[in-house]
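Dear colleague,

Please find below the structure that I am handing over to you. My notes on it follow directly after it.

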Amino acid sequence: MTGGAKEKHAGLPPFSSSKLSVLRQHPIFADLEPDAFDQLCRYAKHVTLKRGAALFAKGDPGNSLYAVISGSVKMSVSSADGRSAILNIIGPGEIFGEMALLDGRARSADAIANTNCELFVIDRREFIPFVRSQPALAMKFIELLCARLRRTSDQVEQIILQNLPGRLASALIRLSEKHKLEPAGRIIASTQQEISEMVGMTRESINKQLRAWAARNWVRLEHGAIVVLKDEPLRQLAEAGSGDEGE
């Protein structure tokens, strides 16, 4: 683990029920029997990260599974010439790191604290035997990995086939729905630079398109955030994928 992570653990974790709900309410662990869940909690280590701290880098050993308690973690890859692509932003209630954890191979992306955040970390040496003792978990992880693969396929399809408005609209809808935000005003706490790295376009192009949509009252631009005011026209653009640029 790199870049400023702080761990707190000793014996049975004295975590509040609200923090443990991150594990209990996740579909992977929701059906665990109480004794098995208690065992899982004993494996969980509490970690805090400052914004910008590196959790792991592409190529690092896949030693742990992570669950986000608060804040968010950015999954990204970079090229030799300094270009970056954001693959996902992991928020509260989500888990990540399962692919390298399960196959024992190296990490496929960088994980960086997108905000100050709290995490649970479960070591592979304890988690793999735990999964073997709970056969139903294996099917849960297969379902999770299938969902990840479908999401990746959708992203590839959008980048290859959709124009900028369609790609941007798809990204805004996905981000606004991700954390089940209030439908009256869905706040996306991502910068325009981050969104440009998600959809593979320049920040200038993103800004131009967002301003055109703001003029139509589809979105509102705030410092470091975007508020989705009307999602239906964005859905129509995302489904069409080409044609009207929304300007």
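This is a predicted model: local features need pLDDT of at least 70, side-chain atom pairs count only at pLDDT 80 or more; totals for chains, interfaces and linings use all residues.

In which sense do strand S5 (residues 73-78) and S8 pair, and over how many bridges? The two pair in the antiparallel sense, over 4 bridges; strands count as paired if DSSP finds at least two bridges between them. Within this pairing, Lys74 stands opposite Ile112 in S8. Strand S8 (residues 110-113) also pairs with strand S3 (residues 54-56), again in the antiparallel sense, over 2 bridges. Here Phe56 has Ala111 of S8 as its bridge partner.

Residues are numbered from 1 along each chain as its sequence is written, and side-chain values use heavy atoms, with hydrogens and water left out.

Overall composition

The protein chain has 9 helices and 12 strands, taken as DSSP runs numbered from the N terminus (helices: H or I, at least four residues; strands: E, at least two). Of its 247 residues, 45% count as buried; buried means under 20% relative accessible area, exposed over 50%, and partly exposed in between (1.4 Å probe, protein chains only). The accessible surface comes to about 12900 Å², and 53% of it belongs to carbon and sulfur atoms; these areas come from the Shrake-Rupley method with a 1.4 Å probe, and for residues only the protein chains shown count as cover. Among contacts (heavy atoms within 4.5 Å) with a separation of 6 or more, 71% are between residues 24 or more positions apart.

Nonpolar cores

A nonpolar core is a set of buried Ala, Val, Leu, Ile, Met, Phe, Trp, Tyr and Cys residues joined through side-chain atoms within 4.5 Å. The largest has 25 residues, and those with the most contacts inside it include Leu23, Leu40, Phe127 and Phe141. Two or more residues each come from helix H1 (17-24), helix H2 (34-43), strand S4 (64-70), strand S9 (117-123), helix H4 (124-133) and helix H5 (135-161). H2 gives the most, with 5 residues. Apart from this core lies another, of 23 residues, among them Ala169, Ile206, Trp218 and Val219.

Leu23 lies in helix H1 and, with a relative accessible area of 1%, is buried. Leaving aside neighbours within four places in sequence, Leu23 is in contact with Phe29, Phe37, Leu40, Ala44, Ala67 and Phe120. The C-alpha atoms of Leu23 and Leu40 are 8.9 Å apart, while the two residues are 17 apart in sequence.

Glu118 and the cysteines

Glu118, in strand S9, counts as buried because its relative accessibility is 18%. The side chains of Glu118 and His46 are joined by a polar contact of 2.8 Å; such a contact is a pair of N or O atoms within 3.5 Å, where within protein one must be able to donate a hydrogen and the other to accept it, and residues adjacent in sequence count only if both atoms are side-chain atoms. Not counting residues up to four places away in sequence, Glu118 touches residues including Lys19, His46, Thr48 and Ala67.

Cys41 is buried at 5% relative accessibility, and Cys117 is buried at 4%. With a disulfide defined as a pair of cysteine sulfur atoms within 2.5 Å, the count comes to 0 disulfides.

With kind regards
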